[in-house]
Amino acid sequence: MLVTTRVIVGAAIVRSGSLLAQQRSYPAEAAGLWELPGGRVEPGESDALALRRECAEELGVAVRVGGRIGPEIDLPGGSVLRIYAAALSGDGEPRAVEHRALRWLTAAELDTVEWLPADRVLLPDLGELLTGARQP
Ligand SMILES: Nc1nc2c([nH]c(=O)n2[C@H]2C[C@H](O)[C@@H](COP(=O)(O)OP(=O)(O)OP(=O)(O)O)O2)c(=O)[nH]1
């Protein structure tokens with residue numbers, strides 16, 4: 001049997017020292033939890049292209065995709081999650097098109113929302129990104 005690893009990409013969008021987080025509205029077990037914008041990489045897409053597509057769909061904005069942040073995280077079901085630094089590339093203001101809510105979080109606020117389990121592992125790396133130890 002051919003087993004292909006499915007890749008989920010997430011964008012760590014930073015603006016003025018804050019990270020954009022979004023609150024899921026589905027499925028029931030994840031509703032109310034927070035994640036980074038992103039989703040599944042479709043066949044033929046690069047990670048960066050998938051992130052630009054997902055950010056356009058989910059937030060209505062264009063983003064510039066930078067380098068990888070943190071480790072690749074194994075997700076239940078055999079997918080892996082990869083996070084990339086990103087920045088807004090136009091004047092557009094992100095909107096919660098598919099999500100319940102959006103928040104810009106400072107490093108001190110990162111643990112004030114309830115993240116999806118995989119994202120909790122990445123909080124130290126996201127904190128470093130925000131405090132300038134690493135730049136997008
Ligand atoms: N987008 C995103 N997904 C995440 C994160 N952390 C995490 O565990 N996931 C999981 C949740 C989902 O099982 C999967 C991606 O789901 P998704 O719903 O965003 O992806 P999608 O838009 O391509 O898929 P779909 O609507 O067709 O189901 O990855 C994260 O920070 N961002």
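Predicted model: local features only at pLDDT ≥ 70, side-chain atom pairs only at ≥ 80, totals over all residues.
Trainee: Why does Gly66 count as partly exposed?

Mentor: A residue is buried if 20 or more other C-beta atoms, placed from the backbone, lie within 10 Å of its own, exposed if 12 or fewer, and partly exposed in between. Gly66 has 18 C-beta neighbours inside 10 Å, and therefore counts as partly exposed.

Trainee: Where does Gly66 lie?

Mentor: Gly66 belongs to strand S5, residues 63-74; strands (E, at least two residues) and helices (H or I, at least four) are DSSP runs numbered from the N terminus. The C-alpha atoms of Gly66 and Ala12 are separated by 9.3 Å, although the two residues are 54 apart along the chain.

Trainee: What makes S5 and S6 a pair?

Mentor: Two strands pair if DSSP finds at least two bridges between them. S5 and S6 are joined by seven bridges and run antiparallel; Val65, for example, has Ala86 in S6 as its bridge partner. Five residues lie between the strands of this hairpin, where Gly77 takes a positive phi near 95°.

Trainee: Which strand pairs with S6 in the parallel sense?

Mentor: S1 does so, over seven bridges with S6, residues 80-88. Here Ile13 stands opposite Ala86.

Trainee: What is meant by a nonpolar core, and how many residues has the largest?

Mentor: A nonpolar core is a set of buried Ala, Val, Leu, Ile, Met, Phe, Trp, Tyr and Cys residues joined through C-beta atoms within 7 Å. The largest has 30 residues, and Tyr84 and Ala86 are among those with the most contacts inside it. S1 gives the most to this core, six residues.

Trainee: How is the shell around the ligand divided by class?

Mentor: Ala, Val, Leu, Ile, Met, Phe, Trp, Tyr, Cys and Pro count as nonpolar, Asp, Glu, Lys and Arg as charged, and the others, Gly among them, as polar. By that rule the shell has six nonpolar, three polar and three charged residues. S4 supplies the largest share, three residues.

Definitions and conventions: Residues numbered from 1 in each chain as written.
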